[in-house]
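This briefing looks at the nonpolar cores and the salt bridges of one protein model. Please keep the sequence and the structure in view while reading.

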Amino acid sequence: MIKNPFRNPGFEKLPVWQPFNHLSISRKMVIYFFILIIPTLTILGLFSYLRAEKAIRENVSKYVEDMLKQSSSNIDLYFQEADSIMASIIYDETIRDDLYRSQTGEYEKARANTEVNHLLSGAIYPREYARQLFIVDNDGTLFTTNSNVDVRLVKQQQWYRDIASGKVKKLIVPSHDSSAYTGGQYVKPIGEVFTLLREYRDIERNKLLGIIAIDIDYKVIEENFRKLNAEKDNGEIEIITKSGAIVYSKDRKNIGEQLQPEAFEGITAGNGSYISTQKGKKMLIVYTTSDVTGWKTIERIPMQSLMKDASEVKYVTVVVMALCMLFSMTLSLLLSHSITNPILKLIKKMKNIEKGDFDTSMEVTSKDEVGQLARSFNHMADEIKALIARIYEQEREKRRIELHMLQQQINPHFLYNTLDSINWMARMQNSPNISAAVTSLTQLLRISVHNSKEFNTIKDELEYLKSYVNIQKLRYGNMFDIVFNVDEEIMDCSILKLLLQPLVENALLHGLNSIRDGGIIKVEGRLEEDSIILCIEDNGKGMTREEIEGALSEMPKKADSFSGIGIFNIVQRIKLYYGDKYGLTYKSEPGRGTTAIVVIPASIAGANT
């Protein structure tokens with residue numbers, strides 16, 4: 001066998017990897033459902049959790065930022081109100097006149113001190129956050145709402161010196177212990193305060209008269225954050241100055257300390273939030289900036305505490321995913337069952353057919369592919385049943401033909417012995433014509449009677465035909481002649497026994513029976529593609545269409561036929577042995593002769609028995 005020179009062995013088709021071929025369709029469907037659903041649900045669940053986590057973080061950041069803004073605004077209100085109190089005192093002419101009068105003598109100083117102290121107390125009443133208000137004039141005279149304030153200690157404070165020296169005109173002192181300038185052994189300490197102070201200047205004369213200061217209770221800030229529940233979720237709030245100094249912290253030990261740079265490296269102007277890792281923990285940092293003081297209020301919330309709600313979302317997501325998977329598995333089982341159950345029923349019906357039950361059928365309940373398969377199965381079962389019935393009838397017909405052929409046969413041994421005796425008698429009496437006739441008849445009978453094979457070669461069939469013609473010539477003389485024109489390439493091909501002789505006999509009995517001489521019978525054979533075409537042509541009287549149809553459909557009725565095999569039997573035998581594709585046809589017109597055309601498949605002798 002010549003190989004294709006263009007075929008590349010390196011590009012052979014590789015087998016497709018099919019890992020589930022050994023599983024049933026229902027199990028495959030369940031597996032494919034899981035392969036499709038589990039990643040999908042996992043991705044959706046992860047996406048939902050991440051979205052929820054982001055939403056929670058954004059919402060908390062927004063909430064904390066708004067809360068810090070509110071806290072910062074509340075604190076700013078205290079400072080703004082305190083600043084307004086100091087501004088009203090500065091603009092108060094009575095107080096300003098008393099300060100001038102206090103410089104005129106001791107009596108006037110005492111009197112002015114009493115009046116100013118009273119006015120200062122009225123200025124901060126009933127504001128509990130304002131712990132004390134005092135004025136120190138240029139002469140060092142102290143006017144205050146708290147008699148325990150020690151002017152000598154006040155002058156020692158750095159913030160006093162900054163204002164008195166003119167370095168700054170207005171100052172907010174971060175939280176500090178007021179006992180540093182409030183004396184008295186048996187006096188209850190005020191505690192931590194914020195101090196607002198500014199120059200006390202005569203606005204009409206633009207003359208510096210001293211300093212004015214008000215102490216704001218540190219606790220008002222703590223109370224402000226407490227009311228707003230600002231430090232929930234383990235949050236830590238700190239207020240820092242522009243330089244990073246801590247002015248408020250839940251842990252008071254940190255007050256006055258400088259905040260570490262990494263703690264506020266992401267803090268910019270204004271408000272905002274970011275995530276930072278501090279001391280090995282991820283923290284959400286939210287901050288806001290005061291418009292009054294410029295201080296920043298910062299809250300640090302551990303992400304672990306913040307994500308408690310996210311953990312609940314994760315738990316709910318996992319539960320929902322599990323329920324979806326359970327539902328999907330149930331749905332896949334029901335779906336696979338709805339698809340495979342009809343297939344299993346179909347398999348059961350097919351096994352019934354394997355056992356020979358061809359009356360079985362499949363109920364068609366749908367119009368989908370399974371329904372189409374059921375309809376095809378029913379059609380197949382009907383076709384098989386019809387085919388078996390046809391084969392049964394064909395076999396019966398075959399047996400009938402064979403029986404008919406056997407009925408025409410004579411005991412071959414008796415016949416051969418009788419003919420042999422006649423042949424020897426003819427030779428002894430010197431009768432060569434009788435001897436030749438007997439010899440031809442013997443050969444004819446040996447082929448037709450003794451040979452039990454159903455097929456001959458075309459060559460043997462032609463020899464049989466020649467023996468038959470030799471005998472008929474003794475009967476009809478020179479009334480006809482026969483011409484053989486058969487291609488040599490088909491001589492070894494197979495043909496049904498006694499297929500051509502009845503056709504030649506039919507030409508003699510029906511075609512040439514009215515001709516006294518000049519009759520010609522032509523026997524031709526050729527190969528066309530995969531078929532053999534054999535033609536028996538005579539120049540006799542011809543036949544009408546009705547006569548042709550009668551010859552093809554009726555059993556032989558003439559008693560003088562040699563084989564007893566009529567045209568109808570030839571048609572039946574060709575259909576039985578070769579199929580409906582092959583057969584016998586006639587071409588004839590009255591007065592113009594007749595041609596019998598036999599079409600059989602081309603096969604070498606030995607392929608059929």
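Predicted model: local features only at pLDDT ≥ 70, side-chain atom pairs only at ≥ 80, totals over all residues.

A residue is called buried when its relative accessible area is under 20%, exposed when that area is over 50%, and partly exposed in between. With a relative accessible area of 33%, Arg 526 is therefore partly exposed.

**Nonpolar cores**

- The largest nonpolar core has 46 residues, and those with the most contacts inside it are Ile 89, Leu 133, Ile 135, Tyr 200 and Ile 214.
- Helix H1, which spans residues 25–91, supplies the largest share of this core, namely 12 residues.
- Leaving aside neighbours within four places in sequence, Ile 214 is in contact with residues including Ala 82, Ile 85, Met 86, Leu 133 and Phe 194.
- A second, separate core of 41 residues includes Leu 462, Ile 570, Ile 574 and Ala 596.

**Salt bridges**

- The structure holds 24 salt bridges, and one network of them links Asp 98, Arg 101, Glu 108, Arg 111 and Glu 115.
- Arg 300 forms a salt bridge with Glu 238, with the closest N and O atoms 3.3 Å apart; this pair links distant parts of the chain, since Arg 300 lies in strand S10 and Glu 238 in strand S6, 62 residues apart.
- Arg 300 is buried at 10% relative accessible area, and Glu 238 also counts as buried, at 6%.
- Glu 106 and Lys 109 form a salt bridge at 3.9 Å between the closest N and O atoms, and both lie in helix H3, 3 residues apart, about one turn of the helix.
- Glu 106 counts as exposed at 60% relative accessibility, whereas Lys 109 counts as partly exposed at 27%.
- The side chains of Arg 526 and Glu 528 meet in a salt bridge of 2.9 Å, N to O, and Glu 528 is partly exposed, with a relative accessible area of 39%.

Definitions and conventions: Residues numbered from 1 in each chain as written. Heavy atoms only, no water. Core = buried A, V, L, I, M, F, W, Y, C linked by side-chain atoms within 4.5 Å. Buried < 20%, exposed > 50% of the residue type's maximum accessible area, 1.4 Å probe, protein only. Helix = DSSP H or I, 4+ residues; strand = E, 2+ residues; numbered from the N terminus. Contact = heavy atoms within 4.5 Å. Salt bridge = Lys/Arg side-chain N within 4 Å of Asp/Glu carboxyl O.
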